[in-house]
Amino acid sequence: MPKVWFITGAGRGMGVDIVKAALAAGYTVVATGRDTMAVARAVGASADLLVVKLDVTSRTDAEAAVRNALDRFGRIDVLVNNAGNFKAGYFEELAATTLLGPMNVTRAVLPVMRKQRSGHIISISSSAGLLGFEFCAAYAASKFGTEGWMESLRSEIAPFGIHTTIVNPGFFRTELLTKESTTYAELSIGDYAGRRAEQLKWWESQNGKQSGDPAKLAKALIIIARQEPPPSRFVAGADAIALAEQKLAALKEEIDANRELSSSLAFD
């Protein structure tokens, strides 16, 4: 039997590419989104495809979507936590953001995978999950949270034959920076005004100019999902690799700068 992929945020952006790549690879796909008609229009029709309504912020929706998937296909082998948006602004001007969406879906899927004693959870993080950036505090907070959650979850569910993979994409030409997916801070603090204007201009100018091809990333996810075992992390894109290496170098520098002091803190 072909593996069953359960993909969130499948109505537009990278989710559409992941659905199409999984179908092309011969897998069965459950494509989910808030608007099922939009998902169906975006991904097309296939006998191996089930389109299901899912607002990831709703645990009830998540549980219902998983039941629908099981009723149709009997199992879920790969969960791709892809749904998300971009909330940008200076920290003081933003309300808090959360990562409850992917947690809701994963909580609904885990009992299925535990019963199967197999499964693979792929969560789309970001370079902002490795390194914080100006104007991205809320977005980075949610992605750093995804990192810690997935790294901890990995050891909790490994005894059940379930794997996890964190994906850190760089700049890919998805719909993340479109008006439909991006929220900028509404509160305005004068001290940030000049820099805010520059940041807004820069971010808005990047839409449609990102160097990464999301269709190629989707195909890369198929490749890593077939690896035995799959990697715990996939840093996606040359720009993402450069940022990850920058973070590694900075972290080592900070450790070395205070190694003697840090090593002197045990009880005598």
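This report describes the nonpolar cores, salt bridges, a helix pair and some backbone angles of a predicted model.

## Basis of the model

Because the model is predicted, local features need pLDDT of at least 70 and side-chain atom pairs count only at pLDDT 80 or more, while totals for chains, interfaces and linings use all residues. Residues are numbered from 1 along each chain as its sequence is written, and side-chain values use heavy atoms, with hydrogens and water left out.

## Nonpolar cores

In soluble globular proteins, nonpolar side chains tend to be buried together. A nonpolar core is here a set of buried Ala, Val, Leu, Ile, Met, Phe, Trp, Tyr and Cys residues joined through side-chain atoms within 4.5 Å, where buried means under 20% relative accessible area, exposed means over 50%, and partly exposed lies in between, with a 1.4 Å probe and protein chains only. The largest such core has 29 residues, and those with the most contacts inside it are Trp5, Ile18, Val19, Val29 and Val80. At least two residues of this core come from each of β1 (4-7), α1 (14-24), β2 (28-33), α2 (36-43), β4 (78-81), β6 (119-124) and α7 (214-225); these helices (H or I, at least four residues) and strands (E, at least two) are DSSP runs, numbered from the N terminus. Helix α1 gives the most to this core, with seven residues.

Which residues does Val19 touch, not counting residues up to four places away in sequence? With contact meaning heavy atoms within 4.5 Å, Val19 touches Ile7, Ala10, Val29, Ala31, Val43 and Leu49. There is also a second, separate core of 28 residues, which includes Leu54, Phe73, Leu110 and Val112.

## Salt bridges

A salt bridge is counted when a side-chain nitrogen of Lys or Arg is within 4 Å of a carboxyl oxygen of Asp or Glu, and by this rule the count comes to eight. One of them joins Arg75 to Asp77, with the closest N and O atoms 2.8 Å apart. Arg75 is partly exposed, with a relative accessible area of 30%, whereas Asp77 is buried, with a relative accessible area of 7%.

Another salt bridge is formed by the side chains of Arg233 and Glu151, at 2.8 Å from N to O. Arg233 lies in strand β9 (residues 233-236) and Glu151 in helix α5 (residues 137-157), so this pair ties together parts that are 82 residues apart in sequence. Arg233 is partly exposed at 27% relative accessibility, and Glu151 is partly exposed at 48%. Both belong to a network of salt bridges that links Glu147, Glu151 and Arg233.

Asp256 and Lys252 form a further salt bridge, and their closest N and O atoms are 2.7 Å apart. These two residues are four residues apart in helix α8 (residues 238-257), which means that they are separated by about one helical turn. Asp256 is partly exposed at 35% relative accessibility, while Lys252 is exposed, with a relative accessible area of 51%.

## The pair of helices α3 and α4

The axes of helix α3 (residues 59-73) and α4 come within 8 Å and cross at roughly 35°. Here the axes are lines fitted to C-alpha atoms, for helices over the stretch in contact, and angles run from 0 to 180 degrees between N-to-C directions. The crossing of α3 and α4 is right-handed, a word used if the near helix is turned clockwise from the far one by less than a right angle.

On the side of α3 the contact is made by Arg59, Ala62, Glu63, Val66 and Leu70, and on the side of α4 by Asn104, Val105, Arg107, Ala108, Val109 and Val112. By class, this contact has seven nonpolar, one polar and three charged residues, where Ala, Val, Leu, Ile, Met, Phe, Trp, Tyr, Cys and Pro count as nonpolar, Asp, Glu, Lys and Arg as charged, and the others, Gly among them, as polar.

## Backbone angles

Most residues other than glycine have a negative phi, and most peptide bonds are trans. Arg117, in the loop between α4 (100-116) and β6, has a positive phi near 60°. Phe135, found in the loop between β6 and α5, has a positive phi near 80°, and Phe135 is buried, with a relative accessible area of 4%. The peptide bond from Glu228 to Pro229 is cis, with omega near -5°, and Pro229 lies in the loop between α7 and β9.
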